[in-house]
Amino acid sequence: MSQQYRTRPLGSRAALNEAYDTALLDLDGVVYAGGHAIVHAVGSLSAARDGGMRLAYVTNNALRTPAAVAEHLTELGVPAEAADVITSAQAVARLIADQLPSGARVLVIGGEGLRTALRERGLVPVESADDEPVAVAQGYGGPDMPWGRLAEAGYAVARGLPWFASNTDLTIPSARGIAPGNGAAVEVVRIATGAEPQVAGKPLPPMHRETVLRTGAERPLVVGDRLDTDIEGAFNGGVDSLLVLTGVTDAAQLLAAEPRYRPTYVDRDLRGLLTGQPEVTAEGDVVRCGGWSASVRREELVLEGQGGELDGLRALCGAAWTYAGEGSCGLDAAKVLARLGL
Ligand SMILES: [Mg+2]
């Protein structure tokens, strides 16, 4: 951990799509939810791009190929090419290729996205532990992946083969609720074998490195909805981030965030890309944003003033993060957030 940590969100005079050259956008909970585009996503992304910002889509989901993801985005009204999509399958394929010779046989537990990414790096995907693999690559296999695939991984990993996971997200959102994600499948193999995989996906450095290599971004802005993947990945990569509240993170979780989970900016949705961000100022332990002042008095979060609800949240972030220092603010925020309708 660095000596310095963020105690309040930053302001920006320039619109974010002018202050940064490339948006590294998470997909689920940011651009779409299940089969539908998130409110204001299509128009905001189109305007950000017209304003000169490069848009890249960064997903921990290794199931689909970048071409398939780009096609889905285009159908939703967000025109994208395969080269605009970076997946954890690509990041794990590079991680494997850095350690194994070209032509190495890799047992694939996962989907077409992973096979395609391995071939792209000169590796040879195989389907059985009996096909003489020299490594195992595990990515999300979709809801219909048979249990036997995990057994296949287990046989090979138990023999001592190096084991790689695209990502370790425990859950994956679906139209019917929260389903087990690749991290849950990785846990099955870990419990059965006692082995530890090397992991590529957000928030770890291989994914950030893949993203920067593929986009050539010089001033990237990570845009995400999850503190422990998107925002922590930006923190680990030393780049700025925008949290949007259209996905899994609510205002109370944001206030409780430890330093590595604290975004540079917070906004309601992707319209935040098109505007500047208000200054959040601190005087002693009173933090101000817009018409609001927030502080902690007698172990209680206090919010005074009036104005936009997002400005109130930014002021509260300042008060809660200052109070928490390097830790997590455990104060109950229900009352002040209710006042903001958040
Ligand atoms: Mg997400």
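**Helix packing, cores and an aromatic pair**

Ser 88 has its place in helix H4, where helices (H or I, at least four residues) and strands (E, at least two) are DSSP runs numbered from the N terminus. The model is a predicted one, in which local features need pLDDT of at least 70 and side-chain atom pairs count only at pLDDT 80 or more, while totals for chains, interfaces and linings use all residues. Residues are numbered from 1 along each chain as its sequence is written, and side-chain values use heavy atoms, with hydrogens and water left out.

With a relative accessible area of 0%, Ser 88 is buried; buried means under 20% relative accessible area, exposed over 50%, and partly exposed in between (1.4 Å probe, protein chains only). Not counting residues up to four places away in sequence, Ser 88 touches Thr 59, Asn 60, Asn 61, Ala 62, Ser 166, Asn 167, Ala 200, Gly 201 and Met 207, a contact being heavy atoms within 4.5 Å. Between Ser 88 and Pro 146 there are 22 Å in space, C-alpha to C-alpha, and the two are 58 residues apart in sequence.

Two packed helices are described by the angle between their axes and the distance between the axes. Axes are lines fitted to C-alpha atoms, for helices over the stretch in contact, and angles run from 0 to 180 degrees between N-to-C directions. Helix H4 (residues 88-97) packs against helix H5 (residues 112-120) at an angle of about 40°, with the axes 8 Å apart. That makes H4 oblique to H5; angles under 35 degrees count as roughly parallel, over 145 as roughly antiparallel, 65 to 115 as roughly perpendicular and the rest as oblique. On the H4 side the contact is made by Ala 89, Gln 90, Val 92, Ala 93 and Ile 96, and on the H5 side by Gly 113, Leu 114, Ala 117, Leu 118 and Glu 120.

H4 also meets helix H8 (residues 205-215), their axes coming within 9 Å and crossing at roughly 100°. H4 is therefore roughly perpendicular to H8. Ser 88 and Gln 90 are among the H4 residues in this contact, and Met 207, Glu 210 and Arg 214 are among those of H8. Gln 90 is buried, with a relative accessible area of 4%, and its contacts beyond four places in sequence are Pro 66, Val 85, Ala 117, Glu 120, Glu 210 and Arg 214.

Next come the nonpolar cores, each a set of buried Ala, Val, Leu, Ile, Met, Phe, Trp, Tyr and Cys residues joined through side-chain atoms within 4.5 Å. The largest has 33 residues, of which Leu 254, Leu 255, Leu 301, Leu 313, Leu 316 and Leu 337 touch the most other members. H11 gives the most to this core, with nine residues. Another core, of 29 residues, lies apart from it and includes Val 69, Ala 70, Leu 221 and Tyr 265.

The structure holds one aromatic pair. Tyr 20 and Tyr 265 form this edge-to-face pair, at 6.2 Å centre to centre and 75° between the planes. Rings of Phe, Tyr and Trp (its six-membered ring) pair if their centres lie within 6.5 Å; planes under 30 degrees apart count as stacked, over 60 as edge-to-face and the rest as tilted. Tyr 20 lies in the loop between helix H1 (16-19) and strand E1 (22-25) and Tyr 265 in strand E15 (residues 265-267), so the pair ties together parts 245 residues apart in sequence. Both Tyr 20 and Tyr 265 are buried.
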